[in-house]
4 protein chains.
Amino acid sequence: MSVAAQMIETNPTSTGYSPEDLAECIEACFACAQACTACADACLGEDMVVELRRCITTDLDCADVCAATGRVLSRQTSFDSAMTIAALTACREACRICASECKGHAEHMQHCQVCAQACQRCEQACARLLEP
Amino acid sequence: MSVAAQMIETNPTSTGYSPEDLAECIEACFACAQACTACADACLGEDMVVELRRCITTDLDCADVCAATGRVLSRQTSFDSAMTIAALTACREACRICASECKGHAEHMQHCQVCAQACQRCEQACARLLEP
Amino acid sequence: MSVAAQMIETNPTSTGYSPEDLAECIEACFACAQACTACADACLGEDMVVELRRCITTDLDCADVCAATGRVLSRQTSFDSAMTIAALTACREACRICASECKGHAEHMQHCQVCAQACQRCEQACARLLEP
Amino acid sequence: MSVAAQMIETNPTSTGYSPEDLAECIEACFACAQACTACADACLGEDMVVELRRCITTDLDCADVCAATGRVLSRQTSFDSAMTIAALTACREACRICASECKGHAEHMQHCQVCAQACQRCEQACARLLEP
């Protein structure tokens, strides 16, 4: 069992979410924040950095939104549905935008390929928690 | 002129936003992130911490969303409207929820009063940038 | 191969660190940031929250330092040894303090037990990169 | 009185620091995190981005360390001297490195000039709190 799943299980409070879906979304948010931070850096080091400006900005933005969302989802005490939905909605959109941008470079740059996958995983995990 | 306003003015790229409104929103996001972090801590130190659980969680969540939004707004290169709107929408909602929660304790606790004001300032600044 | 390891391998620049040790430290930082955020929340929801104030503050501080360090380590372009050592040194100390605090409650609270392990893993991963 | 100063004054707990020095350091950390985030972005948009790679990485690293330190300093409940010193020491060093890097470009780029000043203010504020 992952650390995030163990932390959910041992929390004295619970949310309305399935523990499996919640753990997956928390892990996806943290993994995507890392991948986007690293992808921005890898793009910065490429010879064609000038053409990767949009990708760098999108990566940095997505990293920040995913990091915030991963933290919000890690809190179960006095769980607030409206706050969680606000964060998840922003995160799903940030991941959608970043996945789309990274996919455009994925053929030539493997870090964009890996990052696009991390974004898509996170987008799907957010979408799942947002299902009514 | 504030540091945020100077950074906007000296950036080689510009967004479609009024520089004054953008600077105000960036400053409001960072100030709100600080106030919410400090309010969560002050609530934790109060004798009646048990009754302040919701306020602490809301403060921590709002701090994270404001910090992420303040960073997204600080980026002007390859400015992406959809990304910015996603962050602003989440931030306006987080600040609305946190201001409402803190106002409920503002009569008895001054830190909640100060924090509610920081949240309201940020909510309004986000709303202004979201105006069509 | 983990996402962090793939991002290191596909980055056009490399640091002086062993890719395995670097990936382990990045993953340990992000996992510890998540565990500490969740442990602070779980402590807040416990009946004995008054006696867990120190643990909550330590968790929140450690989460912030680990998150920052995990990001610094994710950047390889124009790698700066002094910057990295500064972050790693703070992170090793934050994890040492938080592990010690959480271990004091680990017998009665499983989330503190899981969090202490995440802190110790991160402390050791930082120490390894700091070895001359 | 600034928001940070008001939050210190209304916190039920106090640290051993002078409230004025503490407020100044908290504000300097948040302002530096903002300036560094914006400077990284402004550098990314410059024609000579290839020669600004080191400045971008240093800015992003310094932003993360300052943001974490500003949060740690905003917590007064169960104040831990060792944790605070660890964060302040890393932050002083990050700001020293980033100020030095930005000063090298300050003649030609005003955003680096403004950012260098924000880093120096933060470095000095950290140094003051670290004085025995």
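The following paragraphs describe how the chains of this predicted model pair with one another.

Residues are numbered from 1 along each chain as its sequence is written, and chains are lettered from A and ligands numbered from 1 in the order in which they are written. Because the model is predicted, local features need pLDDT of at least 70 and side-chain atom pairs count only at pLDDT 80 or more, while totals for chains, interfaces and linings use all residues; side-chain values use heavy atoms, with hydrogens and water left out.

The pairing of chain A with chain C is described in this paragraph. The contact (heavy atoms within 4.5 Å) takes 33 residues from chain A and 33 residues from chain C. The two chains bury about 2,800 Å² between them, with 64% of it on carbon and sulfur atoms; buried area is the accessible area (1.4 Å probe) that two parts lose on being put together, summed over both. On the side of chain A, the residues that lose the most area to chain C are Met7(A), Gln34(A) and Asp41(A), which together account for 22% of what that side buries.

Helices H1 (3-10), H2 (19-45), H3 (53-73) and H5 (110-130) of chain A each give two or more residues to the side that touches chain C, where helices (H or I, at least four residues) are DSSP runs numbered from the N terminus. The largest share of that side, 12 residues, comes from H2(A). By residue class, the side of chain A that touches chain C divides into 16 nonpolar, 12 polar and 5 charged residues; Ala, Val, Leu, Ile, Met, Phe, Trp, Tyr, Cys and Pro count as nonpolar, Asp, Glu, Lys and Arg as charged, and the others, Gly among them, as polar.

Side chains of opposite charge can pair when their charged atoms come close. The count between chain A and chain C is 2 salt bridges, a salt bridge being a side-chain nitrogen of Lys or Arg within 4 Å of a carboxyl oxygen of Asp or Glu. Asp64(C) forms a salt bridge with Arg71(A), with the closest N and O atoms 2.7 Å apart. Arg71(C) and Asp64(A) also meet in a salt bridge, at 2.8 Å from N to O. This latter pair runs from helix H3 (residues 53-73) of chain C to helix H3 of chain A.

The symmetry of the pair can be stated next. The same surface serves both copies, since 100% of the contact residues of chain A recur in chain C.

Chains B and D form another such interface. Here 33 residues of chain B are in contact with 34 residues of chain D. The area buried between chain B and chain D is about 2,800 Å², of which carbon and sulfur atoms give 64%. Met7(B), Gln34(B) and Asp41(B) supply 23% of the area that chain B buries against chain D, more than any other three residues. The count between these chains is 2 salt bridges, including one in which the side chains of Arg71(D) and Asp64(B) meet at 2.7 Å, N to O. Chain B can be laid on chain D with an RMSD of 0.0 Å by a turn of 180 degrees and a shift of 0.0 Å along the axis, and Phe30(B) has the C-alpha nearest that axis in chain B, 3.3 Å from it. Of the interface residues of chain B, 100% are also interface residues in chain D, so the copies meet through the same surface.

How values were computed. Least-squares fit on C-alpha atoms with pLDDT ≥ 70 in both.
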